[in-house]
Amino acid sequence: MRSATAVIDLAALQQNFSAIKKLAPQSKVLAVLKANAYGHGLERVAKALHQADAFGVARIEEALALRADGITQPIVLLEGFFAQDELPILVKNNLQTIVHSEQQLTALIQAKLDTPLKVWLKIDTGMHRLGIDPEQLPYFYQQLEASANVHKALTLMSHLGCADNTQDDATEAQLQRFSQLTADFDNDKSLANSAGIWAWPESHYHWVRPGLMLYGISPMLADDKSFYQEIKPVMSLQAGLIATRKITAGETVGYGGAWQSERDTIIGVVAIGYGDGYPRHAKNGTPVLLNGRRVPLVGRVSMDMITIDLGPDAQDKVGDIATLWGPSLNVAEVARNATTIPYELLCNISKRVNISVKT
Ligand SMILES: *Cc1c(COP(=O)(O)O)cnc(C)c1O
């Protein structure tokens, strides 16, 4: 296939799931599938992860798509419901909700539901994004426990803001705060994202919530070779070479003439661009794999194409397949070249990209 194609390796996905179970053997796994399973395909990933104890999504539409596809495991809305009129939909589809705010508490308590909802109560332990203030915990706990709309028992949770950096003291502080706050509760507890699972065993508790790591990419800031002994990238992004041309030293390539060659060379054109989700801000020199070697991106990324410098002696042929990222070229390296993070590149894979599933 010459058009942009994401090859999804479901065996790698399942192997990553097993590696997570080994890292957190006492914990249940809530597999995070938001943003189309980080670009890997929501329903496809859910079906492959049939051993997951629950799934996490960000939007009610994602949860309903999973239910429509016959997924029966618990599904948790990681930001909770946004409006009271969604509550009957949650009940009807057996969805669980996070509660992180006063507005949600009031809406939930005042609703008239036929079946109680399972609630994950989110506490802000220092990230200051979502979550109730620690001093509100007794009040929220008591209100939720007393409501007929709420299934007992609650799960207590928080989220780590800096766990990707083992040098950052913020995580120790969050771990301590969560442990102290919840010490007197024998409810299920949950704190760990991928970075928590990998680097902070104290964060594991009853439920771990892996996202990026399931898809085979390290959540850590620093390169950690040992990570990739256990975990394998699930997506390979590929596209065909559709043209080659000789240019001479001093000639420029692409929009704005933004790159100028210092030598006579051969330029290759690959059928992928920002319309497929390849980052427009990838800079000159961003590696692309072709015929067993790395070649540099040159010139601006276009909507449908990129240009690469194949070198003066290149033998590459139209129809050869280039790899933009995958097991042999980490998406994190491409992300660094585009001043972004692997999360963004994976979930930006656009609708027109072909999917090819490997099992
Ligand atoms: C996205 C998300 C996760 C997963 O994060 P990763 O860094 O991808 O592992 C876990 N918990 C919550 C609440 C999230 O929103």
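User: How many disulfides does the structure hold?
Analyst: Zero disulfides, where a disulfide is a pair of cysteine sulfur atoms within 2.5 Å. This is a predicted model, where local features need pLDDT of at least 70 and side-chain atom pairs count only at pLDDT 80 or more, while totals for chains, interfaces and linings use all residues. Residues are numbered from 1 along each chain as its sequence is written, and side-chain values use heavy atoms, with hydrogens and water left out.

User: Now the rings. How many aromatic pairs are there?
Analyst: Nine in the whole structure. Rings of Phe, Tyr and Trp (its six-membered ring) pair if their centres lie within 6.5 Å; planes under 30 degrees apart count as stacked, over 60 as edge-to-face and the rest as tilted.

User: Why is the pair of F227 and Y228 edge-to-face?
Analyst: Because the planes of F227 and Y228 are at 70°, with the ring centres 4.9 Å apart. F227 is buried at 0% relative accessibility, whereas Y228 is partly exposed at 32%.

User: Which residues form a cluster through ring pairs?
Analyst: Y38, Y215 and Y343.

User: On to the ligand. Which residues are around it?
Analyst: Among them are Y38, K34, H159, R209, G211 and Y343, each with a heavy atom within 4 Å of the ligand.

User: What lies 2.6 Å from an oxygen atom of the ligand?
Analyst: A polar side-chain atom of K34. An N or O atom in the side chain of Y343 is 2.7 Å from a ligand oxygen atom, and a polar backbone atom of G211 is 2.9 Å from one.

Key:
Buried means under 20% relative accessible area, exposed over 50%, partly exposed in between (1.4 Å probe, protein chains only). A polar contact is a pair of N or O atoms within 3.5 Å; within protein, one must be able to donate a hydrogen and the other to accept it, and residues adjacent in sequence count only if both atoms are side-chain atoms.
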